[in-house]
Amino acid sequence: MLDVKRLRYFVAVAEEQHFSRAAERLGISQPPLSEHVHALERELGVSLFNRTTRSVSLTEDGLNFLPHARRILSDIDQCGEVIRDARRRNMHTLRIGILHAHAYTFLPRLLAEWSDTHKDVRLTLVEHATQDQTAVVSAGTVDLAFVREPVHDADLTVTRVFSEPYYIALPQRWPTNAPDKVSIAELQDRAMIGFPSHHASSSTRALFRDMLIKHKVKTSDFLQVRTMHAALALVAAGQGFSPVPQSQSRLALYGVKYLPMAETPPQLSVGIARSHNSKKPLVRSFVDFCVAYFERGGW
């Protein structure tokens with residue numbers, strides 16, 4: 001019976017046309033690779049490669065054998081995929097919509113804790129922009145989604161899971177009066193960089209408009225981008241400041257510093273949205289888990 005490992009080694013050498021490169025690709029040293037290929041040749045009773053000190057090429061027998069070896073390996077790989085597919089069909093699946101920032105703030109720890117006690121649940125994550133956060137739920141693309149509130153959609157049920165204050169992301173080189181906070185007055189005549197939301201009242205500009213008016217602060221410009229990533233890249237370039245949720249301050253980026261505000265800042269509330277018609281017990285279970293998780297300060 002042909003050794004599957006030897007078949008894989010043969011195909012790697014045939015594709016790389018070089019024993020050293022094939023060994024590097026396979027993560028082994030060259031001597032055992034050469035030994036296994038020689039053993040396969042002895043088993044088949046043919047020479048598969050023409051070898052010189054500078055090159056490796058397939059013999060006619062090697063050329064004839066290569067498509068068969070690839071087909072055998074493909075069939076073996078498909079056997080494993082069939083088993084994995086059957087296993088996945090027997091698992092419960094939960095499709096979760098997330099905003100980009102959630103993936104590097106609270107989400108990893110939350111999902112790790114959930115998965116520890118729900119090992120039979122397969123999670124699927126669907127990233128979406130804030131502007132699309134309700135559409136993915138309404139369209140049935142996901143079972144539920146983490147969303148920024150408020151949500152104005154009569155067909156959705158939204159459960160708030162936490163609220164957090166806004167911080168200010170500043171260029172690292174901008175001086176501030178205090179090292180651990182920034183006053184809104186220090187933003188006078190600076191450009192603000194923000195991003196839209198699913199609703200006009202929730203955009204960065206709208207959230208900070210009243211605060212700026214109250215403290216008689218005028219920004220020199222307003223730049224709007226689609227994502228927080230783009231906003232922070234502009235901050236790093238010294239183009240302006242950007243209000244960001246407190247949890248965002250955990251993300252260390254070149255040229256960017258995050259400071260809390262000396263004045264009481266606007267709050268950002270995050271909830272979980274699901275369809276009114278959702279009948280999936282797993283959805284309710286996940287929502288309850290998240291509420292309890294944030295109540296005990298797990299993040």
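Contact here means heavy atoms within 4.5 Å.

**Ground rules**

I am working on a predicted model, where local features need pLDDT of at least 70, side-chain atom pairs count only at pLDDT 80 or more, and totals for chains, interfaces and linings use all residues. Residues are numbered from 1 along each chain as its sequence is written, and side-chain values use heavy atoms, with hydrogens and water left out.

For accessibility, I call a residue buried under 20% relative accessible area, exposed over 50%, and partly exposed in between (1.4 Å probe, protein chains only).

**Entry: Pro260**

I started with Pro260, in the loop that runs between strand E10 (256-259) and strand E11 (267-275). Which residues does Pro260 contact, leaving aside its neighbours within four places in sequence? I found Tyr167, Asp180, Lys181 and Val182. I also checked Ile168: its C-alpha atom is 6.3 Å from that of Pro260, although the two residues are 92 apart along the chain. Pro260 comes out as partly exposed, at 26% relative accessibility.

**Entry: Thr59**

Next I looked up Thr59, which sits in the loop between strand E2 (56-58) and helix H4 (60-89). Is Thr59 buried or exposed? It is buried, with a relative accessible area of 10%. Setting aside neighbours within four places in sequence, I listed Ser47, Leu48, Phe49 and Asn50 as its contacts.

Pro150 belongs to the loop between strand E5 (144-148) and strand E6 (156-171).

Then I turned to phi. Asp189 has a positive value of about 65° although it is not a glycine. I placed Asp189 in the loop between E6 and strand E7 (191-194), and Asp189 is exposed, with a relative accessible area of 53%.

Lys216 also went into the notebook, with a positive phi of about 55° although it is not a glycine. Its loop lies between helix H7 (204-214) and strand E8 (221-224). I read Lys216 as exposed, at a relative accessible area of 72%.

How values were computed. Helix = DSSP H or I, 4+ residues; strand = E, 2+ residues; numbered from the N terminus.
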